[in-house]
Amino acid sequence: TVGLGVLLLLTGLAAWLTRDREEVRFGRRVQLTLDPGLEIEPAISPDGRLVAYAGGPMHALEIRVRQVDGGGAITVAEQAGRPQRLPIWSPDGARLLFRSPRGIEIVSSLGGPSKVAVPAPSDPPDPWQGVGPLMPAAWSPDGKSIAFLRGTEEAAGFLQQCVGLCNAGFVLHLKHLVNADH
């Protein structure tokens, strides 16, 4: 019976090794940016034709959009505070949301005035910290709402996190979570 088990194991291994596999093929690589300063946090548009990213000097990053096929970049939120970080495309590709010192903002993907969707706390965090009072947000599948996460340091050392939803200008706090470590 041990011999039969080994034979079955070897037969299964041989079948697995000789199965039809799709070969992974990578397309050509193209450098999209070559501007001075940082170029970080890229996000490809839903249709794959544009890329949004945070670019510029570290203290003054701005959200830029450019075509994947080439061409110059445009700064989409000229009036918003800096640094601007973490661009996220709306499902239809018409808008971007991003984090700035003012909070979580929304702007047309072609540029224009931005709108603060979720205001930053009165004492904004260092935007370079991985965890701060206002984290990145996400679009709902229909593009009508955004979900966000807000954390606050409590006096007892707890990190309280608030999951919220912003819809039509109203900010709703859905649930308060407490760090599982405390």
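Before I turn to the strands, a word on terms: two strands are said to pair if DSSP finds at least two bridges between them, and the strands themselves are DSSP runs of E with at least two residues, numbered from the N terminus. What you see above is a predicted model, in which local features need pLDDT of at least 70 and side-chain atom pairs count only at pLDDT 80 or more, while totals for chains, interfaces and linings use all residues. Residues are numbered from 1 along each chain as its sequence is written, and side-chain values use heavy atoms, with hydrogens and water left out.

Let me begin with strand β3, residues 62-67, which pairs in the antiparallel sense with strand β4, residues 74-75, over two bridges, and there V65 has I74 as its bridge partner. The hairpin of β3 and β4 has six residues between the strands, and within this hairpin G70 takes a positive phi near 120°.

Strand β3 also pairs with strand β2, residues 50-56, again in the antiparallel sense, over six bridges, with G55 of that pairing standing opposite E62 in β3. Here a hairpin of five residues makes the join from β2 to β3.

How many of the six residues of strand β3 are buried? Five of them are, so the strand is largely enclosed by the rest of the structure, where buried means under 20% relative accessible area, computed with a 1.4 Å probe on protein chains only.

Finally, I come to V118, which lies in strand β8, residues 115-119.

Conventions
Helices (H or I, at least four residues) and strands (E, at least two) are DSSP runs, numbered from the N terminus. Buried means under 20% relative accessible area, exposed over 50%, partly exposed in between (1.4 Å probe, protein chains only).
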